[in-house]
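Student: I would like to go through this model term by term, asking on what grounds each label is given.
Tutor: Then let us set each value against its cut-off before drawing a conclusion.
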Amino acid sequence: MDSRAPLIVLEGVSKSYGALPILKGVTLSLRPGTISILAGGNGSGKSTLMRIMAGLVRPDSGTVTRNIDPAGMGYMAHDTFLYPALTAMENLLFWARAAGILSPEARAREALSATGLARRAEERAGIFSRGMAQRLNLARLIMGDPRLILLDEPSTGLDVPSRSLLREIMTDFRSRGAAIAWISHDLEEDSGIADAVLTIRRKTLSIEERSRPC
Amino acid sequence: MLKCALAICRKDLTLILSRNAGIMQALLLGLLLVFLFSLSLNTGDALSPQAAASMFWLATAFCQVLIFNMLYASEELCGARSGLLLLPAPVQSVWLGKSLAGLLLIMAAQCVFIPAVFVFLGQHLADGFLPALAGIVLGDLGMAVSGSLFGALAAGRSGRESLLSIILFPLLVPLLLAGVRLASLGIDPDPLPGDPLRWIGLAAAFDAVFTAAGLLLFPFVYTGDES
């Protein structure tokens, strides 16, 4: 397959919840080595679009084509996917084992170090602040070394250094050929690393390509 | 699929056994049932073996509802359900993992209920303990596979405890019937006439039907679609 071929393609995707239309005829593709920021007001359908891309929600019409193995996709949402009664290490080990990741302990330790949580490995996730829990969620995501990354408001609750860390990690993933879709409410901050800004307005999607500074 | 299911089972057992008081609630409810029935007896009296076996399965059925509510509720707390659905394994591995964890927890609870039935309800071991053991194993398996399927159906919905009981208890009737008849063989020196193999066959058929239903229906029951 062409290494520049899109990892995911949506064509004419529409979705309604009951009689309420959320998305109408959305078409987009995500290519390797790009970061696409997804913007739009509250309730505009960004999270629904992200869940459709992840395969968690079925569209009413249109097609979603993923040119990637399910193991190559990483999804990070506002929910942290953590078990508060388990330690940070136990949480990561569970997700690694369930996903069939090789050497789960080593990968979990690497991910904890990369997110600055190595010293908190044996603490229960339930006592973590929102920002720390989200960093642990980020560790869960990077353990799988995904090629298609879907981020649904990942910066929620993160302090300034953690946001920088998140951008740094995502920029690194992009340089290694990952395609990243990122819902952001902080366009000023996050669009600096974007290759495209996708805006949902009146249920439809507009795409603004950005040139990346060298 | 098996690796993923084992990982889910291991995580659930860690969560429930080492960090959660929920299993104690299930055990205490079962023990309370047995103990309260023992109060209806005069000193030195024993409950009939069929009634004692019914108490044992009643305690197990209540325990099953609490266990599967707990197992699925842990996935709703921080949205882990979406993470499970995105694992690179068939979604049935969640059903299988929860079934395995539920089976082990039900068996563990029964290790407490069985002595309680002997002590509080005045029962003694009889010759038919092998068919009784087969009935308990098949009954537990049926409770695990059906509980895992319907626990997923009730997960994330308001009033899930009552919803699970309402769905599950009517469906469990054939399994409970077989379980009671077989378990009573293990404590009844003068058992009711009838071929135990027919009851074992009924329990095995129940297990086969709900295992097939779990494998076929679980992807439609456990989804991320909120519409």
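Student: At what angle do helix 5 and helix 6 of chain B pack, and how far apart are their axes?
Tutor: This is a predicted model, in which local features need pLDDT of at least 70 and side-chain atom pairs count only at pLDDT 80 or more, while totals for chains, interfaces and linings use all residues. Residues are numbered from 1 along each chain as its sequence is written, chains are lettered from A and ligands numbered from 1 in the order in which they are written, and side-chain values use heavy atoms, with hydrogens and water left out. Helix 5 (residues 92-120) and helix 6 (residues 129-154) of chain B pack at about 135 degrees with their axes 8 Å apart, where axes are lines fitted to C-alpha atoms, for helices over the stretch in contact, and angles run from 0 to 180 degrees between N-to-C directions.

Student: What makes helix 5 of chain B oblique to helix 6 of chain B?
Tutor: Angles under 35 degrees count as roughly parallel, over 145 as roughly antiparallel, 65 to 115 as roughly perpendicular and the rest as oblique; the angle is about 135 degrees, and therefore helix 5 of chain B is oblique to helix 6 of chain B.

Student: Which residues make that contact, and how do they divide by type?
Tutor: With contact meaning heavy atoms within 4.5 Å, helix 5 of chain B contributes residues including B:W95, B:L103 and B:I114, and helix 6 of chain B residues including B:I136, B:D140 and B:L149. The residues of this contact divide into 11 nonpolar, 3 polar and 2 charged, where Ala, Val, Leu, Ile, Met, Phe, Trp, Tyr, Cys and Pro count as nonpolar, Asp, Glu, Lys and Arg as charged, and the others, Gly among them, as polar.

Student: How do you know whether B:C4, B:C9 and B:S40 are buried or exposed?
Tutor: Buried means under 20% relative accessible area, exposed over 50%, and partly exposed in between, with a 1.4 Å probe and protein chains only. B:C4, at 3%, therefore counts as buried, and B:C9, at 8%, is buried, whereas B:S40, with 54%, is exposed. B:S40 lies in the loop between helix 2 (22-38) and helix 3 (49-76) of chain B.

Definitions and conventions:
Helices (H or I, at least four residues) and strands (E, at least two) are DSSP runs, numbered from the N terminus.
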